[in-house]
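Q: I am new to this structure and would like to learn how to read it. Can we go through it feature by feature?

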Amino acid sequence: MILLPCPHCGPRNASEFRYAGEASTRPDPNATTPEEWRAYLYIKNNPAGWTTEKWFHRTGCRRYFTAERHTVTNEVRETRLPAARLESNS
Amino acid sequence: MSARRSLANLRIADCTPLTKVFVQAFEKGMLARDLGVEFGRAVRDENGTLRIGSGPGEWLLLAPPGSAPEVVERVEAVRAEEPVSVVDVTHGRALVRISGAKTVDLLPKVCGIDMSDSITPDGAAFRSSVAKVLTDVVRDDGEGTRSYLLHCERSFGQYLFDALLDAGEEFGIEIEGFASNNSRSPE
């Protein structure tokens, strides 16, 4: 069983979550080129090592969060809420 | 019909008639301060309403049957200068109460959360998968007996009830009828 530490709910079975892809910065649609937009949508790094990715806790708090996970060992060293959500809670 | 009250170590009751009001607001806003219960906890107020911190910025209020207008009115009376959503979801959700000493043996069969007193004491609330159904679980002991409220979408209610009955068969589970004391409102 893989445990994923949700920032809201604590460690939960990975089956409670939905993988939402590698975390990346969304380019400005008005300023980007088609190649950059395509790269943002479809080209992933997929490293064998540490990666930053988004997860959705579907059977829990129903919130998105960011996790740093090692794709080989499945070790998770940090999870955090999106910056926008942190600001709205302050 | 027998008026006997079940004394089994594991009992299940359909508490769906209880009023259920769903509230969304800022986690640290004015309404959150007024409700006075944080995510992961549940407290009963002076009106007999069980206030449950069911999610970040989400609350579920459980009250005696037919009291939705009063509960909504009390929440809306807080003049919060922030976006607030108050919805009566009584008819859209199902609610099941399981009680008795054997609940601590039943729930681990269908839910991955640690049910020990140190992790989920009386008044604890969490949302997780129960028999593969998204369920709000609230520990709401009464009269010294361990008891849990399980709240899910209405369309999953019959399945959840049947799944709990099936899982509890080996512990001698008995069905109780809905009683007003299930709301634990002050008499």
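Q: How far apart do the C-alpha centres of domain 1 of chain B and domain 2 of chain B lie?

A: Keep in mind throughout that this is a predicted model. The C-alpha centres of these two domains of chain B are 22 Å apart. Domain 1 consists of residues 11-15 + 92-177, and domain 2 of residues 19-91.

Q: How many residues of domain 1 of chain B are in contact with domain 2 of chain B?

A: To read a boundary of this kind, look at each side separately. Here 12 residues of domain 1 of chain B are in contact with 13 residues of domain 2 of chain B.

Q: Which elements give two or more residues to the side of domain 1 of chain B that touches domain 2 of chain B?

A: They are strand 7 (93-99), strand 8 (125-130) and strand 9 (133-139) of chain B. Strand 8 of chain B supplies the largest share of that side, 3 residues. By residue kind, the side of domain 1 that touches domain 2 in chain B has 5 nonpolar, 3 polar and 4 charged residues.

Q: Which residues have the most contacts inside the largest nonpolar core?

A: A core is read as a set of buried nonpolar residues joined to one another. The largest one has 52 residues, and those with the most contacts inside it are B:Ile52, B:Leu61, B:Val96, B:Ile98, B:Leu150, B:Leu160 and B:Leu164. Strand 5 of chain B, residues 58-63, gives the most to this core, with 5 residues. Domain 1 and domain 2 of chain B each contribute at least three residues to this core.

Q: Which residues does B:Leu150 touch, not counting residues up to four places away in sequence?

A: With those sequence neighbours set aside, B:Leu150 touches B:Val96, B:Ile98, B:Val130, B:Thr135, B:Val137 and B:Leu160.

Q: Turning to the other chain, what pattern does chain A follow along the sequence?

A: Start with the list of elements, then take their order. Chain A has 2 helices and 6 strands, and along the sequence they follow the pattern β-β-β-α-β-β-β-α. The C-alpha atoms of chain A fill a box of roughly 40 × 35 × 20 Å along the principal axes. Of its 90 residues, 14% count as buried.

Q: In what order do the 4 strands of the open sheet in chain A lie?

A: In chain A the order is 3-4-5-6, with antiparallel pairing. Strand 3 (17-22) and strand 6 (76-80) of chain A are the edge strands, each pairing on one side only. From one strand to the next, the twist averages 30°.

Q: Over how many bridges do strand 3 of chain A and strand 4 of chain A pair?

A: Strand 3 and strand 4 (residues 50-57) of chain A pair in the antiparallel sense over 4 bridges. A:Tyr19 stands opposite A:Trp55, which is in strand 4 of chain A.

Q: Which residue takes a positive phi in the hairpin of strand 5 of chain A and strand 6 of chain A?

A: That residue is A:Asn74, with a phi near 65°, and the hairpin has 5 residues between the strands. Strand 5 (residues 64-70) and strand 6 of chain A are antiparallel and pair over 4 bridges. A:Arg69 stands opposite A:Val76 in strand 6 of chain A.

Q: Finally, how many residues of chain A are in contact with chain B?

A: There are 11 residues of chain A in contact with 12 residues of chain B. The side of chain A that touches chain B divides into 2 nonpolar, 6 polar and 3 charged residues.

How values were computed:
Residues are numbered from 1 along each chain as its sequence is written. Chains are lettered from A and ligands numbered from 1 in the order in which they are written. This is a predicted model: local features need pLDDT of at least 70, side-chain atom pairs count only at pLDDT 80 or more; totals for chains, interfaces and linings use all residues. Two residues are in contact if their C-beta atoms, placed from the backbone, lie within 7 Å. Ala, Val, Leu, Ile, Met, Phe, Trp, Tyr, Cys and Pro count as nonpolar, Asp, Glu, Lys and Arg as charged, and the others, Gly among them, as polar. A nonpolar core is a set of buried Ala, Val, Leu, Ile, Met, Phe, Trp, Tyr and Cys residues joined through C-beta atoms within 7 Å. A residue is buried if 20 or more other C-beta atoms lie within 10 Å of its own, exposed if 12 or fewer, and partly exposed in between; C-beta atoms are placed from the backbone. Domain bounds come from an automatic or database domain assignment. Two strands pair if DSSP finds at least two bridges between them. Axes are lines fitted to C-alpha atoms, for helices over the stretch in contact, and angles run from 0 to 180 degrees between N-to-C directions.
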